[in-house]
Amino acid sequence: MTPTKFKYITFTEKLIPALFNQESLEQNTIFIFPTARSKNEALKTFQAHWQLTPVSFMTMEGFKSLLFPAQQPLLKEEKRFLAFFASLSPESRAFFKINNYFQSIELATQFFELWSELNDELVNESFDAEFFATNNAELLNWQELTWQRLCEIRADYQTLITRKGFDDAIFCLHPERMTLEALPMLRQVVFVNQFYYTMLEKTMIHTLAQTDIKTTIVYQLPHQFVDEKALRIHPFNFNDVVSHDKWRTQQISIIECNNDFAMMTAMLQHVRDGKLLKVLDINFNNASYAPFLSPEYFATGMQQRLTQTSVFHFFETLHLLVSSIVKEPRLGHTLIPINELLTAVLDDTFAAYFTPFPHTPKFREDALSHLYQLLDDEIKFLDTGGVFYQFNEQIPHNPMIDSMIEFVDRIRTLKSIDDLIQLIDQPNGIDIHRMLTDHERYFTDLLDVYYQAASDFLAIEQIDIVDNWAKYFGYVREGDDDSSIAAGILRLFTDYLKYKSITFTPKENESPRTDIIDFLDARNLSFDQVALLNIVEGKIPSSKSTPFLFTERQRKLLGLKTYDDIKLREKYYLYRFVLSSERVYLFTQQNIEQNIERSSFVEEIRLQNPGILIETTTVSDKNYAALYNSLLAPATTLPDAARTYADSFYRLRFGGTDDFTRGYINLTPYAVSELQANPFVYYIHQVARIQEQCKQSNMDFSARLLGNMVHDILNAAWAHLTDRNAGPLFGYSFSEIDTAFVEKTIDRLIYHKYQYYFTMPFNHAAIYFDDVMRPVIASGVLAFFKFLSNRNLEDRPLNAIPEHLFSHIEDVANKLLLNASQTDAGLPVTIHGRADLRLEIPNDNEFYIFDYKTGAGEKLQLLLYEYLYYLMDTPEQAEHVHSFFYNIMKEFADPLELPKQTKSKTEWFERFKVNLIDLINHIATHGYGLPMQRSNLRLMSDISRGDLYVARVKRKLSDNIR
């Protein structure tokens with residue numbers, strides 16, 4: 001038996017070099033470090049001076065794996081989580097509301113972390129509710145039930161993996177399984193500056209002390225704060241530490257910023273001035289600014305997450321496409337959403353994979369234009385069988401889109417990991433080399449890492465953990481033509497790749513790079529000068545989070561780590577860096593608006609400073625403008641600032657025949673309304689014929705879609721009535737339009753003629769449509785014909801002129817509204833339009849105009865229809881023309897009423913023409929300007945002036961061709 005020794009290193013020494021002396025370097029010594037980085041640094045230091053001495057270096061986790069060997073192969077990573085899901089009983093799945101593997105991942109993570117903690121702290125799992133109640137930390141009912149269920153899951157999991165010949169770390173790390181057989185020659189163990197020891201680690205140290213093996217515990221901390229018997233650190237503050245020890249610190253610079261941008265700007269300034277070669281950051285790899293730091297100037301381990309590579313982006317996008325597939329049940333078509341296809345084309349890596357060599361931008365631009373046009377037409381899906389293009393022959397195929405759909409259609413049939421791996425680098429499979437960038441091909445080990453990862457991933461099936469993938473990725477029956485298994489395997493693969501890293505070879509640089517190291521990873525390293533980023537409240541000390549299952553008080557009673565333990569550890573590591581370095585830069589933030597405060601540890605250093613020179617600097621956002629100016633084009637390409645304040649800048653010049661190449665201004669009721677509300681937008685939509693680019697399909701029934709559907713149902717009804725009735729002679733029998741006819745018409749439009757099939761959102765909105773909207777539409781259509789009957793229009797000789805049927809060619813012709821001499825534009829103004837339905841009863845001199853609506857309507861529209869069809873030539877018929885907005889959804893007919901203070905329709909038309917002349921004259925003189933009412937600015941389109949220029953050039957070319 002050899003008593004445990006304690007060695008205390010002051011802050012004036014560099015920790016790792018201070019470890020090595022003749023006493024500590026006897027034969028067969030193992031140094032145990034809390035992190036791999038400090039272990040590697042110690043090994044480098046040792047090899048420079050003590051090459052011949054048999055000394056080993058390990059992390060604490062590596063040392064545990066030797067002392068607690070597994071009886072069977074250990075399950076790790078995805079294999080562990082898959083086995084966990086397989087072990088869940090139906091009752092356990094129902095308890096945690098788990099339906100598939102991916103829903104179990106969060107629970108599995110919490111499960112293994114909890115049992116690892118319980119093992120580490122040697123918690124007796126037989127505790128009961130009375131134990132907590134007597135200590136004023138009562139277990140709630142849900143906690144008891146959850147704990148009981150977790151114990152059952154643990155037993156089920158152990159049974160499953162034992163039966164399959166595997167083991168898990170949560171079953172290995174128990175004191176009774178400790179053995180020194182793997183270290184027969186061990187003479188000394190040195191534990192290097194580990195701040196917190198678990199009960200299991202304390203048991204290891206105590207067991208070693210019972211043998212002839214020398215045990216030394218090293219602290220870089222004054223001995224007054226160490227409870228050597230309990231191996232525990234007493235709470236302390238900054239003043240306590242500096243009062244009992246010496247330090248290297250000569251100056252502390254506190255740089256206070258108000259956001260990440262200012263902080264990184266200040267840090268880069270210090271790097272440029274040559275002040276910083278070592279920078280520590282809190283969780284650097286997940287910081288938003290991490291990808292922007294050049295490897296030529298910053299050494300970040302020469303490693304890069306595989307998530308930032310083209311290979312990962314490709315598989316991530318492929319998973320997005322496969323998982324988005326919709327299997328429409330009624331006709332059985334396999335559909336791919338336009339939104340996901342657009343995302344795929346916009347992804348550089350995925351699009352390049354389907355672009356012929358040599359790559360030309362136009363190939364991809366044509367694919368984007370194709371998809372944007374489909375979005376404008378409210379197309380939501382394309383099918384894998386080409387049915388869409390068969391029924392829309394006027395829309396040409398696009399080769400890139402066709403290739404993507406064909407590729408996804410092959411991938412969706414995958415049923416196993418082996419199916420996926422078999423496709424790698426096979427003809428018509430997945431060509432990994434094709435997706436690599438030149439940098440990845442020549443300066444990284446991406447291919448090696450990827451192929452190794454694929455090989456390891458394949459082992460999931462080879463070790464017999466999974467017997468049926470359908471059980472993991474949803475309720476899928478064997479033999480179903482379903483893509484959920486392929487989507488699940490792709491997601492499993494991308495999740496597996498997320499945690500892989502590649503090594504890259506940066507460009508040689510004459511000046512030394514600045515090292516950026518994760519704060520906790522560098523906890524035992526020593527530096528002459530060092531900068532620490534993000535020293536803010538919530539990062540260090542870290543935010544207090546709600547622990548899984550047990551409260552903080554309950555965790556303390558069980559002997560588990562609490563927030564106070566974690567906070568004390570973070571405080572120590574920060575103070576160690578501050579006191580063991582000569583020059584320290586603390587970059588902190590203070591921003592009341594964003595609820596960011598500088599770390600309380602920084603405040604403690606400032607308030608309890610024992611004489612160290614502290615310099616505080618405040619950094620603002622003053623460098624924003626400089627950065628943006630460096631990124632923007634030269635100022636000569638920007639518009640003159642004085643011009644942008646001028647009224648003329650927000651007007652478009654009236655172009656006469658350049659705008660209206662056919663020699664006249666043609667207006668519809670909608671164009672008139674737009675011209676009155678916003679001339680600027682009128683020019684964009686009606687003259688330049690540019691619409692704002694639709695960027696994504698709304699997976700719902702839009703007002704436009706419902707409106708078109710209602711119009712087509714009513715047009716079909718009138719076509720049916722026209723075929724079966726002699727309307728002009730005997731009238732129409734509206735009773736023929738019944739529920740069965742309407743339902744059959746809707747089915748025919750959606751499924752048989754495919755008129756709306758590819759615009760339908762086959763999701764919860766489709767269910768809502770079938771259950772709610774469809775009956776409302778059917779009822780509204782029937783109510784419309786009932787309304788006609790109530791107006792005594794049934795079985796009377798009449799001419800029915802639906803929108804799609806016109807009895808006379810003049811019904812669709814442009815009619816002259818103003819001649820060229822009546823306006824300053826020098827162009828005649830014509831008007832045309834198509835009413836949804838007109839009913840004419842010549843014998844009784846009655847005329848009806850109907851406009852179907854699913855929302856609100858404008859009086860202007862009906863007034864112009866009346867003028868266009870009947871009152872332009874015969875204004876005396878005004879009392880015989882009846883106009884209605886018929887709202888199908890509300891089953892309500894809204895008759896036209898004249899605007900207030902208007903005595904007659906004739907008066908309204910004359911006033912309308914006078915106002916229109918004034919408006920056109922103003923535009924001809926001053927151009928198309930912005931509206932006077934602020935509310936009309938909402939009509940502005942998201943386009944550029946470059947779009948207007950391109951549109952004008954295209955329009956001229958088109959007119960020249962004609």
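Helix axes here are lines fitted to C-alpha atoms, for helices over the stretch in contact, and the angles between N-to-C directions run from 0 to 180 degrees. Helices (H or I, at least four residues) and strands (E, at least two) are DSSP runs numbered from the N terminus. The model is predicted: local features need pLDDT of at least 70, side-chain atom pairs count only at pLDDT 80 or more, and totals for chains, interfaces and linings use all residues. Residues are numbered from 1 along each chain as its sequence is written, and side-chain values use heavy atoms, with hydrogens and water left out.

Two packed helices are described by the angle between their axes and the distance between the axes. Helix α13 (residues 310–324) packs against helix α18 (residues 399–411) at an angle of about 80°, with the axes 10 Å apart. The angle makes α13 roughly perpendicular to α18; that class covers 65 to 115 degrees, while angles under 35 count as roughly parallel, over 145 as roughly antiparallel and the rest as oblique. Contact means heavy atoms within 4.5 Å. On the α13 side Phe314, Leu318, Leu321 and Val322 take part, and they meet Phe407, Val408 and Ile411 of α18. By class, this contact has 7 nonpolar, no polar and no charged residues. Ala, Val, Leu, Ile, Met, Phe, Trp, Tyr, Cys and Pro count as nonpolar, Asp, Glu, Lys and Arg as charged, and the others, Gly among them, as polar.

Ser310 also lies in α13. Ser310 counts as buried, at 3% relative accessibility; buried means under 20% relative accessible area, exposed over 50%, and partly exposed in between (1.4 Å probe, protein chains only). Leaving aside neighbours within four places in sequence, Ser310 touches Thr349, Met435, Leu436, Thr437 and Glu440.

In soluble globular proteins, nonpolar side chains tend to be buried together. A nonpolar core is a set of buried Ala, Val, Leu, Ile, Met, Phe, Trp, Tyr and Cys residues joined through side-chain atoms within 4.5 Å. The largest such core has 158 residues, of which Phe315, Ile430, Trp469, Trp718, Phe784 and Phe785 touch the most other members. Helix α34 (residues 764–790) gives the most to this core, with 11 residues. Beyond its neighbours within four places in sequence, Phe315 is in contact with Leu420, Ile424, Ile430, Ile432, Tyr450, Leu490, Phe493 and Thr494. Another core, of 75 residues, lies apart from the largest one and includes Leu173, Ile517, Leu568 and Leu586.

From α25, Lys567, Glu570, Lys571, Leu574, Tyr575 and Val578 meet Phe601, Glu604 and Ile605 in α26. The residues of this contact divide into 5 nonpolar, no polar and 4 charged.

Some backbone details remain. Most residues other than glycine have a negative phi, and most peptide bonds are trans. The bond from Ile540 to Pro541 is cis, with omega near 0°, and Pro541 sits in the loop between β17 (529–532) and α24 (552–558). Asn136, although not a glycine, has a positive phi of about 60°. Asn136 is in the loop between α7 (129–133) and α8 (141–163) and is exposed, with a relative accessible area of 63%. Glu891, also not a glycine, has a positive phi of about 55°. Glu891 lies in the loop between β26 (881–887) and β27 (892–895) and is partly exposed at 38% relative accessible area.
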